[in-house]
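Visitor: I am new to this structure and would like to learn how to read it, one feature at a time. Could we begin with the model itself and then go through its parts?

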Amino acid sequence: MSRRDPGPGAIFAVPLVVGGLSLAGLVGALLGDGVMDGIGAALLASGPAVAAWALAARRRQGPAAGPAASRRNPPPASAGR
Amino acid sequence: MDTRTLRAWSWVHRWSSLVSTLFLLMLCLTGLPLVFSHEIDEALLHRDWRPAAPGRVLTLDEVLDVALARHPGEVPAFMSFDEDRPVVNVTSVDPAGPPGRYTFQPIDRTSGDPAPPVAGHPVMEFLLQLHTDMFLGLPGMLFLGLMGLLLAAAVVSGVVLYAPFMRRLPFGTVRADRRAPIRWLDYHNLLGVVTVAWVLVVGLTGVVNTLAVPIIAYWKETSLEALAAAHEAPAAPGERSSLEAAVQRARAALPGRTLQFVAFPGSDYSTDRHYAVFFHGDTPLTRHLTTPALIDAQTGELTAVAATPWYVKTLSLSQPLHFGDYGGLPLKIVWALLDLVTIVVLASGLYLWLARRRKARA
């Protein structure tokens, strides 16, 4: 394993948290009505919410994305991570 | 992970997905409106039926007599109870007729008059049938169950393959500045990994639901028949005690629960000797867990409260966890959202396979 390899712990940290919250939501909504339904739906929504966050914050946009994008974005050296 | 192991997982992911993708896309597309079937039926159907004599309540024996008088020669199989209107549904069968052909009569419990059946909108009924068995009956159900198992294999192998792909990328990276196959690989990985838990739960509970027919048949043949074996002759229709009294006796044995349905002697869900009176609880969890009290149909005595075995409980709980109908509208909306995300994951997976194939051929 190279020094740059973050290992499975780091790779799966966010997916594991999302998976845990989703399961808690699925079971939570089954255990009660009213407030529990709301909490269950909110926990289950963690997956789509994290995906939406990633698409907003971790979507690399460079000149190759199209002429309009390259006009809007800073030069490629600072655009990516 | 060495190259050989990686290749093996890659093979599992490719083929489990390829074989099942079209069926899974069909299940996701038909499942999307089915999540809201209650709301859609409410909006499309006009249900303005009123009971004929509010306040009056016929006994269950009177309702049964009325129903059987309309179909002479038939014997009762089931009696179920609508939750939001005073209607008793009597299902009967002609013992000399072809097996599985039932007569279903909703009856106004205040008057004995026929009540209009509560059916879903024809479009929703069509989608449900397509989703359940593709109009192929039990073989269709079992086939879709197999597709569900392939989905589970695709998800597990997808999670294994996620690690080498994401080794050098922070979570959630989408390289939108790269060519389409890389961009879509990132979308596929991101959307796939955040929906793993939901897809596995909905997929595996779907598999359990496809086994409903064999599960109920096995339960009847083992647990229920074991109870019946302790008793003598079957209870013929002419020599049965009062149904109303049997239900009251069962209610006393299982207080605080809601009556769901009665299975008559000789039907599925019961023995040849007993009224099986099924109750469910009132929390979202126990609403799906039914418990029958077996009442001797000749003597009217309680024989046993037959707690359902683990595999019937698993089947019962697999239904809400598959349909997503147990947590109100917010949960249904999240369910639909996750279904849409799954459609993107399936379609992008198919696209990635096609793009790779095109590249290999070029």
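Guide: Before the first feature, one term is needed: two parts are in contact when they have heavy atoms within 4.5 Å of each other, and angles run from 0 to 180 degrees between N-to-C directions. Please also keep in mind that this is a predicted model.

Visitor: With that in hand, which strands does helix 3 of chain B lie across?

Guide: Helix 3, residues 60–70 of chain B, lies across strand 1 (75–81), strand 2 (87–93) and strand 3 of chain B, and the helix runs at about 130° to strand 1 of chain B. Helix 9 (residues 243–253) of chain B also packs on the sheet, where it touches strand 1, strand 5 (258–263), strand 6 (274–280), strand 7 and strand 8 of chain B, and its direction makes about 50° with that of strand 6 of chain B.

Visitor: In what order do the strands of that open sheet in chain B stand?

Guide: In chain B, the open sheet has 7 strands in the order 3-2-1-5-6-7-8, with antiparallel pairing. Strand 3 (102–108) and strand 8 (302–305) of chain B stand at the edges with a single partner strand each, so one side of each has no neighbour in the sheet. Neighbouring strands of this sheet are turned by 20° against each other on average, direction ignored.

Visitor: What lies between strand 7 and strand 8 of chain B?

Guide: These two strands of chain B form a hairpin with 5 residues between them, and B:G300 in the turn has a positive phi of about 80°. Strand 7 (residues 290–296) and strand 8 of chain B pair in the antiparallel sense over 3 bridges, and within this part of the chain B:I295 stands opposite B:L302 in strand 8 of chain B.

Visitor: Turning to the two chains together, how much area is buried between chain A and chain B?

Guide: The size of an interface is often given as the accessible area lost when the parts come together. Here the area buried between chain A and chain B is about 3,200 Å², and carbon and sulfur atoms give 73% of it. On the side of chain A, the residues that lose the most area to chain B are A:L26, A:L30 and A:R60, together 22% of what that side buries. Counted by residues, 38 of chain A are in contact with 38 of chain B.

Visitor: Which residue forms a salt bridge with A:D33?

Guide: Side chains of opposite charge can pair when their charged atoms come close. In this model A:D33 forms a salt bridge with B:R287, with the closest N and O atoms 3.3 Å apart. B:R287 lies in the loop between strand 6 and strand 7 of chain B, and A:D33 in the loop between helix 1 and helix 2 of chain A, so the pair joins two chains. The count between chain A and chain B is 1 salt bridge, while the count over all chains comes to 6 salt bridges.

Visitor: How many bridges join strand 1 of chain A to strand 4 of chain B?

Guide: There are 2 bridges between strand 1 of chain A and strand 4 (residues 174–175) of chain B, and these strands run parallel. A:R60 stands opposite B:R175 in strand 4 of chain B.

Note on methods:
Residues numbered from 1 in each chain as written. Chains lettered and ligands numbered in written order. Predicted model: local features only at pLDDT ≥ 70, side-chain atom pairs only at ≥ 80, totals over all residues. Heavy atoms only, no water. Buried area = accessible area lost by both parts, 1.4 Å probe. Salt bridge = Lys/Arg side-chain N within 4 Å of Asp/Glu carboxyl O. Pairing = 2+ DSSP bridges. Helix = DSSP H or I, 4+ residues; strand = E, 2+ residues; numbered from the N terminus.
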